[in-house]
Amino acid sequence: MEVTVDEEGVRCDNAECRVAIDRKCVEGIPEPAGCTHYGKSVVVMQRAKPAATPTEPSGVRLSSAEALSMAEAQVLMRQRAANVIGIVGPQDAGKTSLIAGLYDLFQRNKVGGFAFAGSNTLYAFERACHDSRRESGNRHAGMERTGKGAATFLHLDLANDVSREKRAILFANRAGEDYTDAQSDTTLATGFYEIRRADTLTMLVDGERLLDLRQRQQVRDDILVTLRALLEGGTTLRTQRVAVVLTKVDAVRAADEAPRTRAETFFLSIVKDAKQQFGGDFLEIQSFEIAASPKGGATPRGEGMEEVFRYWMAQPGRDIPQRIPSVKQAGGRVFGRLTRVQPKAQNG
């Protein structure tokens, strides 16, 4: 970088010349006035200053609100009581719809005696719900599919309406193909941490597939063979409960009488087989029917979800729950009830 110096007495633009001091030209020219550099300002070459070292931004670092990794979920479980729900089912069985549907219910009211009290994964929940909402612009409701890979966890903090105890619920989210692969290779099940930690295993039975005579036997196998694989893989516990959940019950009810009756009867037979084969391996096995994201207006959104949720929460979390102060309820969505906490005034 060039810097021009116009100090008094400096009469040569050669920085090494001392003509202004001893009147002698550095080039040896007898008369300085005859030098082509004489009478001009000095041009000094300066080294550019190094760039400033970047500093960490000030302020509060917020969490990403994305789904939790296994390690992040473990940290949360060490901090508070948590019910972990493992949801198992093939692709398109309705797993994401179930999780997102429950999240939507909590935005409007209490569910099963619990109220929404916070979440570390709000962005992940909102993205899962987006495609089923009017704002998405989709003609038909849909849900984001879960990609293959390590299980992630969606988190809700819930406040018991009576005891005011605060408990967390974590939904394990793994691609259905991973569980299907374990049917033929039970060693894969040893890596399903979310199943080993789950308080309740939720096995999804796709109601639409039960209406199809060509697919319903495969639906039965998906439930029974997967349970067998998890058991032989050493990932299950006798203290766990199992919920066998018929999804898309709105599609079953909308079918003609004969296929509807066949589908309902076949579902009951799946539940019976599960109890006969695995009743001694789990604390309890119960069946449920839900319509998390029904098509059309004949079935209410979230039908049957509260019964499943009560079953999930009936078994206490594995740690002492926290108590939280009473919260005054207001209308509208739960997010609208959040208030800003004013900082305390500084003395002086």
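Me: Which residues of helix H3 are buried?
Reply: Lys95, Thr96, Ser97, Leu98, Ile99, Ala100, Gly101, Leu102, Tyr103, Asp104 and Phe106 are the buried residues of H3. Buried means under 20% relative accessible area, exposed over 50%, and partly exposed in between, with a 1.4 Å probe and protein chains only. This is a predicted model: local features need pLDDT of at least 70, side-chain atom pairs count only at pLDDT 80 or more, and totals for chains, interfaces and linings use all residues. Residues are numbered from 1 along each chain as its sequence is written, and side-chain values use heavy atoms, with hydrogens and water left out.

Me: Why is H3 called largely enclosed by the rest of the structure?
Reply: Eleven of its twelve residues are buried, so H3 counts as largely enclosed.

Me: What makes residues 95-106 a helix with the name H3?
Reply: Helices are DSSP runs of H or I with at least four residues, strands are E runs of at least two, and both are numbered from the N terminus. H3 has twelve residues.

Me: What makes H3 roughly perpendicular to helix H11?
Reply: H3 packs on H11 (residues 305-314) at about 95 degrees, with the axes 11 Å apart. Axes are lines fitted to C-alpha atoms, for helices over the stretch in contact, and angles run from 0 to 180 degrees between N-to-C directions. Under 35 degrees counts as roughly parallel, over 145 as roughly antiparallel, 65 to 115 as roughly perpendicular, and the rest as oblique. The H3 and H11 pair is therefore roughly perpendicular.

Me: Which residues of H3 and H11 meet?
Reply: From H3 come Leu98, Gly101, Leu102, Leu105 and Phe106. They meet Met305, Phe309 and Trp312 in H11. Contact means heavy atoms within 4.5 Å.

Me: How many residues of each class are in the contact of H3 with H11?
Reply: Seven are nonpolar, one is polar and none is charged. Ala, Val, Leu, Ile, Met, Phe, Trp, Tyr, Cys and Pro count as nonpolar, Asp, Glu, Lys and Arg as charged, and the others, Gly among them, as polar.

Me: Why is strand E5 called largely enclosed by the rest of the structure?
Reply: E5 (residues 152-160) has nine residues, and eight of them are buried, so the term applies.

Me: How do you know that E5 and strand E6 pair?
Reply: Two strands pair if DSSP finds at least two bridges between them. E5 and E6 (residues 165-173) have eight, in the antiparallel sense. Leucine 154 has phenylalanine 171 as its bridge partner in E6, and phenylalanine 153 stands opposite alanine 172. The hairpin has four residues between the strands, and arginine 164 takes a positive phi near 65 degrees there.

Me: What makes E6 mostly covered?
Reply: Eight of the nine residues of E6 are buried.

Me: Why is aspartate 92 called partly exposed?
Reply: Its relative accessibility is 43%, so aspartate 92 counts as partly exposed. Aspartate 92 is in the loop between E3 and H3. Its phi is near 70 degrees, a positive value in a residue other than glycine.

Terms used:
Expected span 1.5 Å × (residues − 1).
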